[in-house]
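Subject: Structure handover

Hello,

Here is the structure to pass on to you. My notes on helix packing and the pocket follow below it.

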Amino acid sequence: MNDKYLTVSALTKYIKRKFEMDKHLKEVWLKGEISNFKHHSRGHMYLTLKDDKSRIQAVMFAGNNRSLKFRPENGMNVLIRGELSVYEPQGQYQLYITHMEPDGIGALYLAYEQLKEKLSNEGIFDERIKQRIPIYPRQIGVITSPTGAAVRDIITTINRRFPIAKVVLFPVLVQGDQSAASIVKAIEAANRFSGFDVLIVGRGGGSIEELWSFNEEVVARAIHDSRLPIISAVGHETDFTISDLAADVRAATPTAAAELAVPSQVEIKERIFSMDRSLNRALKTRLANARDRLAQIQKSYAFRYPGQLLKQKEQELDRNVEKLRKALTVRYTQKQERWTNLHKRLMQKHPQMQINHQNRELLQLHQRNQRAFEKEFKVHQDRFNTNLDKLSLLNPLNTMKRGYSISYHQNGKVLTSTKNIQPGEQVTVKLYDGQLDCQVWGIEEETE
């Protein structure tokens, strides 16, 4: 009777053989969008291939994916060739990929890239506007689903690392049509309340569709506009969302976000103990140095023989006072001599001295000028008298004194020839002591 019942393993193996015997499943050609992509450390690639109605699990072993000329990513549309079989341990069928090539970009991935470029151009992701996370927060706001594993990881990590910090949960929807509005409302509410030092916004891992709320523009702008610093913790380490880029700090996981939000009490205690040890060593060293110095002072000559030291110091003081007095005397003498020299030089440059000197030079110049003028005047006067004597000898008036006269025509010209006058014309005869008005009665020419 029991022979009629099969084991699960036997049934799974039978189904697997059916798949392997079907020639249509030995070489399957598919196209679809990649989701839940994971590149294992051993080199194998695990992913989900989907369209708008169905999905199928797939794997591409390292021996087949080494020749890929591109890196598969979530949201990428691809063309795939492979073999369909059953994975016995889980009893599910899956596609074993032997060849893959890109077939464009999925709609969600394209929307992600376009929004990323738009917000980047607006400066939403600018590192210069990022806020610093406080070192010792007193109150932390956590915006996530109240039922997911993320909130438990965050609260557990904070209580373990920094139990004095208060954690306040803002329950929100993290996927679905209303999730983006729910996240934005929670961020705005946390900013209205007082007392929060930092916010953690995120959720656990999932497909690109499940994480899409954190790729919405309204969520990114709400994170950017928050006056409270925000740590984004969405998905796993390989998941990147718009919220991660807009946040002040991006954490790989919710647990990592909690570690970034608070310090470790163990590290704080170790730091305090280290500082305490350093302080004790410094105090001990300083105390030991002070004791050594005190011991040296106690052994010094001053403590053993204070009277002798006092007398010695008094003698040194007298010598120093005498040296100081001599030095002051020498210095005073030098200054006095310098002052005297400066006074002499100053008096030599005094304006009155300069005026007197210039007046003497002016008087000398005036006397020299006067002598030169008199000498030059005498020379010219003698020359003038000589010329005057010469002119006197040539003066016609002196000749006229001896009986000579000068005749003028009635037109005022001097008569030098009988040819220049006619009988009956008027003639003026100039004598030494006057003139005669005459009329020509006749003309007699003389021949040589």
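Please keep in mind that this is a predicted model.

Helices α5 and α9

Start with helix α5, residues 149-161, and helix α9, residues 254-261. Their axes come within 8 Å and cross at roughly 30 degrees. Angles under 35 degrees count as roughly parallel, so α5 is roughly parallel to α9. The crossing of α5 and α9 is right-handed.

Which residues meet? From α5 they are Ala-150, Asp-153, Ile-154, Thr-157, Ile-158, Arg-160 and Arg-161. From α9 they are Pro-254, Thr-255, Ala-258 and Glu-259. By class, the contact of α5 with α9 has five nonpolar, two polar and four charged residues.

Helices α6 and α7

The next pair is helix α6, residues 179-192, with helix α7, residues 217-225. Here the axes come within 9 Å, and the crossing angle is roughly 10 degrees. α6 and α7 are therefore roughly parallel to each other.

On the α6 side, the contact is made by Ala-180, Ile-183, Val-184 and Ile-187. On the α7 side, Val-218, Val-219, Ala-222 and Ile-223 take part.

The largest pocket

Now the open space. The largest pocket has a volume of about 500 Å³. It is lined by 21 residues. The closest to the pocket centre are Glu-73, Asn-74, Thr-238, Asp-239 and Phe-240.

Which element gives the most to the lining of the largest pocket? That is α4, with four residues. β1 (28-39) and α4 (107-122) each supply at least two residues of this lining. The lining of the largest pocket divides into eight nonpolar, seven polar and six charged residues.

In brief

The contact of α5 with α9 includes four charged residues. For the largest pocket, centre your view on Glu-73, Asn-74, Thr-238, Asp-239 and Phe-240, the lining residues closest to its centre.

Best wishes

Key: Residues numbered from 1 in each chain as written. Predicted model: local features only at pLDDT ≥ 70, side-chain atom pairs only at ≥ 80, totals over all residues. Heavy atoms only, no water. Axes fitted to C-alpha atoms, helices over the stretch in contact; angles between N-to-C directions. Parallel < 35°, antiparallel > 145°, perpendicular 65-115°, else oblique. Left-handed = near helix turned anticlockwise from the far one by under 90°. Contact = heavy atoms within 4.5 Å. Nonpolar A, V, L, I, M, F, W, Y, C, P; charged D, E, K, R; others polar. 1 Å grid on protein atoms, 1.4 Å probe; cavity = no way out; pocket = protein on both sides within 12 Å on 5 of 7 lines; lining within 4 Å. Points joined across faces, edges and corners; volume = space filled by probe spheres on them.
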